[in-house]
Amino acid sequence: MRKLFFYFALLLLIMGCSKKEPLHIGSKDFTEQHILAEIIAQLLEYEKIPVKRSIPYGDTFSNLEAIKNGELDLYVEYNGTGLIMLGQPPISNGDKAFAEVKKLFHPLGLEWMNRLGFSNDYVLVMRRDRALALKINKISDLVKIQPNLRMAMESEFVERPLDGLPALQRRYGLTHIVSSVVDNNKAVIYQALLDGKVDVTEGFATEGRIEDFGLAVLEDDLAFFPVYEPSPLVRKEALKRYPKLRSVLEKLADLINTTDMRQMNRKVELEGQDYQRIAQEFLIKHKLIEKQLQTVKSDKLIVSAGLINELGGSISQAVRAIRKTFPGRRIKVLQTADPLQAILDGKARLGILSAEFFFKMGDEVLPKQNKSVEAVGVIGTRMAHIIVRQDSRIKRLKDIKRLGVGALNSASDRTAKMVLTSLDWRKDIQLVNNEKLALQLDELNKRKLDGLFLMVPPGHEKLTMIMNEGTFKLLSLKSWQEGNHLIRFPFFRLARIPANTYEQQPELIETISTQMVLAGPTPVTKIVGDRGPATVISSTVQPLSDPLTLQLNKALSSGEKLDPAIPAAEVLTQRTKPLSNPINPSAMESLFNLLIIFMIILFFYLFLRKEKAV
Amino acid sequence: MSFSQNQGAKSYLVFIVSVVLCGVIGVWGVLAPEQMTDTALGLTGFALKSLDWFFLVLCTGFLVLSVYMAFGPYSHIRLGKDDEKPEFSTLSWLAMLFAAGMGAGLIFWGVAEPVFHYLAPPGMPGKTPESARMAMIITNLHWGLHAWAIYAICALVIAYFSFRKETPSLISSPIQAEFGCKHRGIWCHSADIIGVLAVIFGLAGSMTMGILQVRAGLGEVFGVPANDFVSMIILVLMTTLFLISASTGLDKGIKILSNINMTIAVAILILIIFAGPTRFIFEVFITSIGDYFSQLINMSFKLYPYKELTGWTSGWTLTYFIWWLAWGPFVGIFIARISRGRTIREFAIGVILIPTLFSILWFAAFGGTALYIEMFGGGGLADLVLEDVSKALFALFTWFPLSEILSGLALILIFVFLVTSADSGTFVVSMMTSNGNLNPSTSFKLIWGILIAILTAGILFTGSVTVAKAMAITGAIPFTFILIIQIIAFLRTIRRENKAQLSQSPIHPKG
């Protein structure tokens, strides 16, 4: 025993003091910073320099404070920010700004290493189609938009004195800019741009959304916006402690361009990939490290989504909400033909489903509810799009002989089956499955298919692209309003795709819609709980707990409530008290209780009865 | 009171009927797992739901009774002859009873349970300092005095009759001794058989779950695949070890294993305390003691009828209590067996108070560290806990230096806990089926050991955790009623003994 304690003390001692302090790397708390810090950390580790990560460490101020007092050894800072932190106006010439901060930070014992390559400046972006149509590719060209130039921006941009809206208007003479949408939520700003409510929005050069939505970045032809070029900011003392450090960091100089950074941001922010993985991939691509094993233990939370879900749209909305609810968890999106099956198989803990996934079509008239999953929050809406060739004579769904419906058991496939069964056309129309949308389009073009049936949100990016080619048109689904379909399938709601949602769509389209929701497995309630001292590690996917469900629902909240036809998590459904509650809920229970009372009396009698004479 | 007549026949009767029933229920469970679990868990569930008040008050009653025993008029009575010395040293005794009583669950729930209640406490908002406090109270309620009081009462009754009244160490002995020959025969045999079945199924179910725990742990730490083959290897290894241990007798096998166990547990505990947030852990420890004892009466009777949270009580508190009751016959008889020669007060303090204080410290260390990470650190543990209790433990270790070694130690600990439980369980069943022989023959132990291993293998092949659970806890409810009758018999006998003693000597003799 005593020996053991001795070893223990020794162990603690060894852990307490090692020869050299590891290099402490910090970062600010946003995706780009996480990725950059991780790139540096992994590179240093590969070069045998021990590191300690604090990703994220805090905001700009706390990072700077920590590196000044020696708590941190390194973090990535932008030269524009560096100037502002020292009370200097930011400048738009990168080389000058870099020389300036290098000089200014020198007395603080901090050194700016060579710049990483890109610059995360303010940029103005436009929808590519509109920019092309108006032939706008630099900010000066914006005068072409008359009479008013509608712009969306964050409130900070309105107020910034040197590089904000007023200064921009003065420099470029764009006095006709109207700030139509001012919101601190980036999603709202970009949505306004995509919806065409505004012409231009303000953004950052490395934002993943620019890539994701295929937006056009306008050239800052007058070099108005100050530069924000990142470099590793290092303590001089750390450079002495690890003489190799300087040469290792030099390897990163000018290595990351704006597109690279934008793509990495996009992968993490919008696709929900893991920043450590992304950092590693980058280093491997540039041959700075060799493939090494992931050492991170923490589990990924897997979210299943359909194959034609948009990474930028519904998926990123779901991923954002999940990230808010599960801070610190790595999230992975699993795109699969049948996202429901992924949940049932335990491959995914959550999934992006629409109403039709919650029901099964049997031989009965009414669809049967699938009790194994439940909805936790609303993501959006999917609408049925029936696409045929522009030149075909098909006027109604009924005239179609071969209908492409995407992957087997996908949203489109499930909906098409239900719709055709209800309309009693199941036998006349042959459904064709294929996981690749492009292949089905090809077949449609080659007349191997007569039509395509797609359940996608209106304005779906790929669909917009397809429709804009001008070779296809949409059909209305008028027959659904007749007969009892609405009662048999209450979760298919009537909907209209307004005219001109797509090019070549002059009139409105009558169709049906289903709610798109985030769903998880239904918890199985048992009286004898799953707790208890002998709980087993279960391999099955655990359902969400009530507090998490509520949190997730709130994080998703788009203002829309769950469709009452969709089975929702119990905490989300309002329970109503029955009007006439029987005074005795269970006669069996009462009988049991009576029995126990008798037994208790018997026990007392046994205990209290007089001793028999021995 | 003579037990010599019919001894051989009786012991075989209990043995044979038990084996046959074991086979029948075992085959049922393996062939029709769904049906068997539905029936078994349905019954237990219904009883827990409709009689929740009774079970809660019963367990609290055990606690009250053990306090009365420890400090009441019978506290000086020795479990053995008046001049007998304890068979095991106090440290070994504590180690053995702790290893038998709590086992592997403590390791997993140490992290998970406080965090779980911190997130979702009954009837109040989670993630608040108040809910953290409540979490520690609830956790200690489930693992503290009540649990050990259940064991203590089960053990006390048997120990008193076996060592003081020198009846065989059987479930039926107290009943037989007090309620006389009239009830003898079918009733007493039934009680014994129910006892044996409760122990065997409790043990087989727990072993199955334990093997799955070890397997999942291996997967989590070393990436070992989770399949039947790995389960079988663990089972074979475990069976070999516990059979070796069982054949060496109580003072070698189990004692050595328990001591190893306690050493590893204490080593991990020390590392967590001193490499973790030390001051915070001790603050939590002291605060929990105060909170727990001051809230004890309140919590011991709390069923939340106004908040529609009775489901919470049966899902947590009562589920815990039913598990302790299910393990009662086997842990009870085992604790009785190793407590020979101690006075009732010594026994009660050793079996109830000391383990409770240790578990409060354990939860303060593991749960406290987890709460520290959640409340003052980066977080990220909480949602793992909700997803999988065991992952939380290994995830917590990653915050510590040498996390691989810690995880490895934890796995060894779980494994040794299992071997110890299996060993003591086999010992107890052999005792029960060889007419209460305090040192049952090795062949009996081997037969039962192999039978339990076969049953475990069967449950493992059904691949259903629910079957294991159903088997483990179904015996609890019938056993509860036998236990009550035992207690009545015990109280009547001890009352008579004390009266006789008092009338003999006017001065109250103190132990």
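Predicted model: local features only at pLDDT ≥ 70, side-chain atom pairs only at ≥ 80, totals over all residues.

Trainee: What does the secondary structure of chain A come to?

Mentor: Chain A has 22 helices and 22 strands. Of its 614 residues, 50% count as buried. Its accessible surface is about 30100 Å², and carbon and sulfur atoms make up 55% of that.

Trainee: And which residues touch the most other members in the largest nonpolar core?

Mentor: Those are A:Leu518, B:Trp324 and B:Phe366, in a core of 223 residues. Helix α7 of chain B, residues 145-164, gives the most to this core, with 17 residues. There is also a second, separate core of 44 residues, which includes A:Phe359, A:Ala384, A:Val405 and A:Met418.

Trainee: Changing topic, at what angle do the axes of α4 and α15 of chain B cross?

Mentor: The axes of α4(B), residues 90-101, and α15(B), residues 344-376, cross at roughly 65° and come within 11 Å. The crossing is right-handed.

Trainee: Which residues of α4(B) meet α15(B)?

Mentor: B:Trp93, B:Leu94, B:Leu97 and B:Phe98 do so, and among their partners in α15(B) are B:Phe347, B:Val351, B:Ile354 and B:Phe358.

Trainee: Now the backbone. Which peptide bond is cis, the one from A:Gln146 to what?

Mentor: The bond runs from A:Gln146 to A:Pro147, with omega near -5°. A:Pro147 lies in the loop between α6 (128-134) and β6 (149-153) of chain A. Most peptide bonds are trans, and most residues other than glycine have a negative phi.

Trainee: What is phi for A:Asp254, and where is that residue found?

Mentor: Phi of A:Asp254 is near 55°, a positive value. A:Asp254 is found in the loop between α12 (245-250) and α13 (258-269) of chain A. Its relative accessible area is 63%, so A:Asp254 is exposed.

Trainee: And A:Asp424, is that buried or exposed?

Mentor: A:Asp424 counts as exposed, because its relative accessibility is 60%. Its phi is also positive, near 65°, and A:Asp424 is found in the loop between α17 and β18 of chain A.

Trainee: What about A:Asp428, and which residues is it in contact with?

Mentor: A:Asp428 lies in the loop between α17 (411-423) and β18 (430-432) of chain A. At a relative accessible area of 45%, A:Asp428 is partly exposed. Leaving aside neighbours within four places in sequence, A:Asp428 is in contact with A:Ile400 and A:Lys401. The C-alpha atoms of A:Asp428 and A:Arg402 are separated by 9.1 Å, with the two residues 26 residues apart along the chain.

Note on methods
Residues numbered from 1 in each chain as written. Chains lettered and ligands numbered in written order. Heavy atoms only, no water. Core = buried A, V, L, I, M, F, W, Y, C linked by side-chain atoms within 4.5 Å. Buried < 20%, exposed > 50% of the residue type's maximum accessible area, 1.4 Å probe, protein only. Helix = DSSP H or I, 4+ residues; strand = E, 2+ residues; numbered from the N terminus. Contact = heavy atoms within 4.5 Å. Areas by Shrake-Rupley, 256 points an atom, 1.4 Å probe, with all protein chains shown as cover. Axes fitted to C-alpha atoms, helices over the stretch in contact; angles between N-to-C directions. Left-handed = near helix turned anticlockwise from the far one by under 90°.
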